[in-house]
Amino acid sequence: MQMFEEGSVAIVTGAGPGMGRAIALGFAADLRDYRAGAHILFDLGVSSPQLDEAERGFSFLRDGPLDMRMDTTRGSTAAQWLARVTEAELCRVIAEYGEERFARRVARAIVAARAITPLDTTLALASVIAGAVPTREPGKHPATRSFQAIRMAVNGELEQVEQGLEQALDLLA
């Protein structure tokens, strides 16, 4: 973790486990000295270069290793997570994080596919998902929602947001 100061602004980089954000979600403890007039900014987005680089494992349009980790030095890859997650948990993640109405079908298809061969590339996973989604949203790839959900689970993104918000409330209190 690094802190950069510019006048009255401090930016803390280097995120918690599994995250590679420009501004960490779990940083409030490092900003105790900045309590007066504190403002907190969370960078919650995924950058286009991350999605565009096939080797990062986020793209369902370009083939690459099925990674999806924000910080590639920590945690399980998406391929490792998919190899061990239960069908019920996978369904829950896809339904809740991806808001995919065909979550049960997608989870069932992924579990069936991994029983035959490991899902270790982005295009292999995207193909399985596309085969499980019976209708398409105009202008959207059928794997969009499921890839988002799996990425969020692999990186513990909602847990990081929760921790960051708790720490931010402590800081601002």
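Ala, Val, Leu, Ile, Met, Phe, Trp, Tyr, Cys and Pro count here as nonpolar, Asp, Glu, Lys and Arg as charged, and the others, Gly among them, as polar. This is a predicted model, in which local features need pLDDT of at least 70 and side-chain atom pairs count only at pLDDT 80 or more, while totals for chains, interfaces and linings use all residues. Residues are numbered from 1 along each chain as its sequence is written, and side-chain values use heavy atoms, with hydrogens and water left out.

**The second largest pocket**

The lining of the second largest pocket divides into 6 nonpolar, 3 polar and 3 charged residues. A pocket is an open set of points on a 1 Å grid over the protein atoms alone, where a 1.4 Å probe fits, with protein on both sides within 12 Å along at least five of seven lines; lining residues have an atom within 4 Å of a point. The volume is about 220 Å³, taken as the space filled by probe spheres set on the points, which are joined across faces, edges and corners.

Helix 1 (48–52) and helix 6 (144–155) each supply at least two lining residues. Helix 6 gives the largest share, 4 residues. Helices are DSSP runs (H or I, at least four residues), numbered from the N terminus. Among the lining residues are Leu51, Asp52, Phe147 and Arg151.

**Helix packing**

Axes are lines fitted to C-alpha atoms over the stretch in contact, and angles run from 0 to 180 degrees between N-to-C directions.

| Helix pair | Angle | Axes |
|---|---|---|
| Helix 3 (residues 87–98) and helix 6 | about 105° | 8 Å apart |
| Helix 4 (residues 103–116) and helix 5 | about 135° | 9 Å apart |
| Helix 5 (residues 122–132) and helix 6 | roughly 125° | within 10 Å |

Helix 5 is therefore oblique to helix 6. Angles under 35 degrees count as roughly parallel, over 145 as roughly antiparallel, 65 to 115 as roughly perpendicular and the rest as oblique. Thr122, Leu125, Ala126 and Ile129 of helix 5 meet Ser146, Phe147 and Ile150 of helix 6; contact means heavy atoms within 4.5 Å. By class, this contact has 5 nonpolar, 2 polar and no charged residues.

Helix 4 and helix 5 are likewise oblique to each other. From helix 4 come Arg105, Val106, Ala109, Ile110 and Ala113; helix 5 brings Leu125, Val128, Ile129 and Ala132. That contact holds 8 nonpolar, no polar and 1 charged.

Helix 3 packs against helix 6 at about 105°. That makes helix 3 roughly perpendicular to helix 6. The classes here are 7 nonpolar, 3 polar and 1 charged.
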